[in-house]
Each structure stands twice: as structure tokens, then as C-alpha cells.
Amino acid sequence: MIRELAWLDLYYLVLALRWTVVLTLLALAGGSVVGVLVAAGGAAQHVVPRLLAKTYVGLVQGIPLLAWLFIFYFGLSIIGYDLPPLVAATVGFSVYAGAFLGEIWRGALVAIPRTQWEAGTAIGLTYIEQLRHVIIPQAVRIAIPPTVGFLVQLIKNTSLAAVIGFVELTREGQMTTAATFQPFAVYLLVAALYFSLCYPLTRYSRILEGRRRAVR
Amino acid sequence: MSYNFQFRDVFAQKAAIFDGLVVTLELSAITIGLGFILGTLAAAVLVYGRPWARSSVRIYVEVIRNTPLIVQLFLIFFGLPSIGIRLDVMTASVLALTINLTAYTAEIVRAGFESVPKSQIEAGVSLGLTGPQIFRHVVLLPALRNVYPSLSSQFVLLMLATSIVSQISAADLFHAGSIIQSRTFRDFEVYTVISVLYLCLTLLMRGGFSLLYHLLFRRP
Amino acid sequence: MPFVELKSVVKRYGNNTVLRDVDLAVEKGEIVAIIGRSGSGKSTMLRCINGLEPVQSGQVIVDGVAVHDPKADLRALRARVGIVFQSFNLFPHLTVERNITLGPTIVKGIPASEAAVLAREALRKVGLEEKIHAYADELSGGQQQRVAIARSLAMSPNIMLFDEITSALDPELVGEVLLVLEAMARDGMTMLLVTHEMNFARRVADRVVFMNQGKVWEQGPAKEFFANPQTEELRAFLSAVLH
């Protein structure tokens, strides 16, 4: 019943890593949609969208990610959907990531000085044209390093999807441990696999930071 | 559907929730205290230490910051026994959380040290102060003041992250959720209530750190 | 024996030679003004004197101590050499009093009560006694610079170095700082000033040194120096600066 730790286990762990990546990308996509709304709301002129955005961010960031996952996992089944963990996880992560991305992107928008808007108006651009040609390109440049940094957080956060039963890398690790009774080796491998995904991104984010500073 | 049950499960299980809350607070307090001190020391090594010391701390920081907390926790609680180190749930929790927080604190405080302008250091040198004296009187306070927002955010994040120890059955607030869940079968309501409690903790902590800032760094 | 001596000092930053074979001697009690274009090496030369900058060759000897000798006790030397910077460099998290007593209490081991008296005395000399409990950001530029001077004075130095201390000040604040310097000169302090204030140099300095291309290009007694520049380069510099 207890089997030896084999190369096959490493293979399955690497396969599970794919699901980590899938979940991360789904969370990024969902989080981006939410994030754009939060950023736009938070940077708005009117006080109502700003307040809504701020409340959303404060609420999401004030509750543990695990709790959000459980709320969506149990909450969605109450509404009548018996959804697979992947869906609950995607919704939960999207809500969570949306708040953080929204804050990052709002910061980038707000960092563009008023004078840039004024320059756009002075050459006769409409609001949308200003956004498209002047503001957003600059905001994107500012936002990329911290967004890449957050991507690393997101990859690590997907490990919590294991708790609601989604089989990504951490869950696969738990199952492998149960089968081989080699927790030390297994979790070391799991950690190494996460590291191989996260560290290059961390380095890249630092390079981007450095480049952005050089441009200034 | 939920209205009656929410009140019922909260009032009936007050004790479990309270006990869990206390554990969460204890874990957070101990970890933040240790993590802050160790993290500041690690940051000092990162900026002022000898090359081999700097590399060692750098490797430690990168490994911790690029792997998930839950995996670190599992490694410590489930993995260490197989090489002879058997820890109880609370010790493993404090250990994993502290190791984790120290790495993040080190990065933040390191940036703080590096944010103190060179001219300040030169002024200290020109007065005849030694390195350690300059660190203590010229660098430390301004550095901490500069990174206070990042640092306090990180501590709040840690308090929320303590919920992860529920996965090794530590009796924290989040774990109280699963206890109540098994008694009342009202999953959604339970975790909603617990989430609200975490939210209160977050607000209290943020307020506390704000107050602390005014006490420490604002002048009359 | 000159109080400060630079002998054949050469200093490079990477491929850039900032000081080429600099020779300079300053006697005790002398007031020497150092002028020149930016990049001529004047600030660098000053910073070599208290060991803030290393040199590639040559000797810097201050009060009998070879500054760049690895065995030199720089800490003890720096307690005797005061320096004031262009950007004041006050410690923003400490009160004016603590800024001034930090050196005496920690480096010289003077007890706190005595140091407080020293601080008050130093502040009196720069005319800012009432600001003793203020913080740097509550003071104007000129006031901050005067506190910086007081901070150095409190260490009872044998020589004071001034690195363009009025260059970062609004014009109307320069006068109050120069008044303090004049008072110090009258008290007999040995002073080395890198400065752009030509009129001040002419009035107060004993000797003026013109740095150009990393060398001591010309020097002489103050009045003579400005009235009869000997070299072409100094003439050109003075006419550009004294328009």
C-alpha cells in the first residue's frame, strides 16, 4: 500500500504544475476584468465610483483568501450549482486578484500627472482618445513591474485551491505523500517546482523595475 | 434560508469562535514580534554584511518568497518528522509563519535602509561616528519610518495568512469554522461570520498601526 | 609645520582623473578660499582632507596625521576636522539639540548635561539658540545651514571645511550664513572654504586658491589675487564670474 517514491511521482507532480499554471491564467483573466473596473472606478472623478472601488478593495483585502475560496465554494453550491472546485477557485481568485490588480492599476493611472491630460486637451483630443493614446500607454508601462510581481503572488496563492479539492501541484503533493509516506522529499520537490516557476518571474520583474527607473 | 441559522450558529458556538480568535491573535502577535526583529537583523546583514553572509540571507529570502506558505508549513509539520524533528501543531505553525514573515520583512526593511540618503551617512562619518553607531543613530529610525506603510501592510497580510495553519489542524479562528461546520452544517453562514471577524481584525490592526505611527513618528 | 598639507595628490574616479598632482599647504589660523569651475576638483580635494574620498597616490597630512594611512585613527581625526556640506545633511528625525550633541556624546564620551551646554553655546554662536528643540524641517535653509555649522563647532574642531555651503540657499538667506563665517574667522578658526561667493572671499580670506583641470592653478593673497590675476585661465574665470 505504501509505495516507493519514483520518477513517476515527479512526472505526475510536473503534470499537476500545468493545472497551477491554468488556474493562475484563469485567475489573471478574471482578475483583470475585475481589476479594470476597480481601477477605473478608483481613479474616477466622481466620489461614488471611488467609494465603491475603495470598499470593494478594503473588503476583499480584509478577508483571508482561504475564506473567499470557502465562501464561493459553499456559497455557489447553495445557489444550486454543484460546481467543480475549478470554477469555485476561479471565481474566488478572480475576486481576490481583481482587488489587488485594481489597486496596482489605479496607482498607475493616478501616477500620470494632470499635465499629461492637459497636454492632450491642448492638442484637441477627446477623453477617449486621451486615454487611448496618452494616458493608458504610460500607465501600462508603470503598471507592468508590479503586475508581474503580483503574478508571482498569484501562482503561490493557487496552492490554496488544494484545500477546496482542486488538484493542482500542492494537492498532488498531498496525494503523493499519502501514497509514499515521504512528506519531506515530496514537499521539497513541490517547493522546487513552485520556485522554478516563480523565481524567473521575480527576476524578470526586477529587471523591468530597473529598466523603468533608467528611463526616468 | 440563512437568517435564523446565522444567529443560531453564532450564538451557540460563541465559545469555539472565541477560542479560535484567541489563537489567531496569539499566533499573529508572536510571529509579528519575532518576524520584525529577525527580519530587521536579516536586512542589516543584506546591506552591511560580509559577502558570504549576504549571499546566504539572499538565498534564504528568495527561496521563501518564491514558494507558497502552505508548502512551507507542510514541509515543517509533515516533512521534518521523517528526518527526526517532530513538532507539535503550534510550534510548527509559529516556526513556519515566522520563517515566512522574516523573509518578507527583510526585503522591506532592506529597501528602507537603502532609502536613507548617502549624504546622511557622510554627515555621520564626518562627525567621527563608527559604522554601528551610524546604523543606530542615523539610519535605523528614518529607514523604518520610510517603510512603515509597507511593513504594516505586510503584518496585516500575515494575520490573514495565519488562517492557513487551520490546514494542519491548529485551533485558530479559521479552524473554528470547520468545527462549527461539522456541528451545524451551515457552511456558507459560518465562513461568512468568520470572514466578518477577520475583517474586524484587519480594521483594528490597520487602525492600531496608524495610531502607532502617530505615536512614534509624529512630533507634538 | 603646515596644519594641512597635500603633496602630489592624484585622485581618479574610474577613468576620470579628478585631481592631478595637487600640492597645497594651509597654516594654522589661515583662512583659505578655493574657487574654480565645476569639475575642477575643488570639492573632491576638500573631501580628501577628512578622508571621505580615497586617493590613488600622494599624501594628505592633517594635524600630523597621514589621512590615507590604513593605520590612521580617522575617527579621532574627524573629531578635530569639522565639515559642513552644501546640502546641510541635518538628521531629520532628531531635534536640533540632538543633532548637535550626537557627536560629542557618542564620539567624545562627553556626558549629556555637558553636551547640552556645548550645544547651547554652539547655537548661540550661530544665532539660533531659540531653535534648540526644533526639528530640521521646521527651519529655513539658512537656519538649517547654521545649525549644521553649530553641529560641527560643538566638536571643538581645529579646522573647519566648508563645501559650497551657500550654493543651495535662496539668495536672501546667504547673508546670515556668511555673517557666521566672518565671526568664526575673527575668532581665529582655521578655515578652508570651497565657495562661489567671490566678494566674501576677497573680504575675509587670507589666501585664495584657483583650481583648474584638477590642479592648483594659481593662488595668492586675497586682495592681490582678485586685483592681478596672473594666469590667462584665472582672468577668464574671474571675468565670467564677476560680471
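Biologist: How do you know whether the crossing of α2(B) and α8(B) is left-handed or right-handed?

Modeller: This is a predicted model. A crossing is called right-handed if the near helix is turned clockwise from the far one by less than a right angle. On that basis the crossing of α2(B) and α8(B) is right-handed.

Biologist: Why are α2(B) and α8(B) called roughly antiparallel?

Modeller: Helix α2 (residues 14–48) of chain B packs against helix α8 (residues 173–184) of chain B at an angle of about 155°, and their axes are 7 Å apart. Angles over 145 degrees count as roughly antiparallel, so α2(B) and α8(B) fall under that term.

Biologist: Which residues of α2(B) and α8(B) meet?

Modeller: From α2(B) come A16(B), I17(B), D19(B), G20(B), L21(B) and T24(B); from α8(B) come L173(B), H175(B), A176(B), I179(B) and I180(B). By class, seven of the residues in this contact are nonpolar, three polar and one charged.

Biologist: What makes up the side of chain B that touches chain C?

Modeller: Contact means C-beta atoms within 7 Å, and by that test 17 residues of chain B are in contact with 18 residues of chain C. On the side of chain B, α6 (118–127) and α7 (131–161) are the elements that give two or more residues. α6(B) gives the most, with seven residues. The classes on this side are seven nonpolar, seven polar and three charged.

Biologist: How do you know that chain A and chain C do not touch?

Modeller: The nearest C-alpha atoms of chain A and chain C are 21 Å apart, and the two chains do not touch. Of the two pairs of chains that touch, chains A and B have the most contacts.

Technical notes:
Residues are numbered from 1 along each chain as its sequence is written. Chains are lettered from A and ligands numbered from 1 in the order in which they are written. This is a predicted model: local features need pLDDT of at least 70, side-chain atom pairs count only at pLDDT 80 or more; totals for chains, interfaces and linings use all residues. Axes are lines fitted to C-alpha atoms, for helices over the stretch in contact, and angles run from 0 to 180 degrees between N-to-C directions. Helices (H or I, at least four residues) and strands (E, at least two) are DSSP runs, numbered from the N terminus. Angles under 35 degrees count as roughly parallel, over 145 as roughly antiparallel, 65 to 115 as roughly perpendicular and the rest as oblique. Ala, Val, Leu, Ile, Met, Phe, Trp, Tyr, Cys and Pro count as nonpolar, Asp, Glu, Lys and Arg as charged, and the others, Gly among them, as polar.
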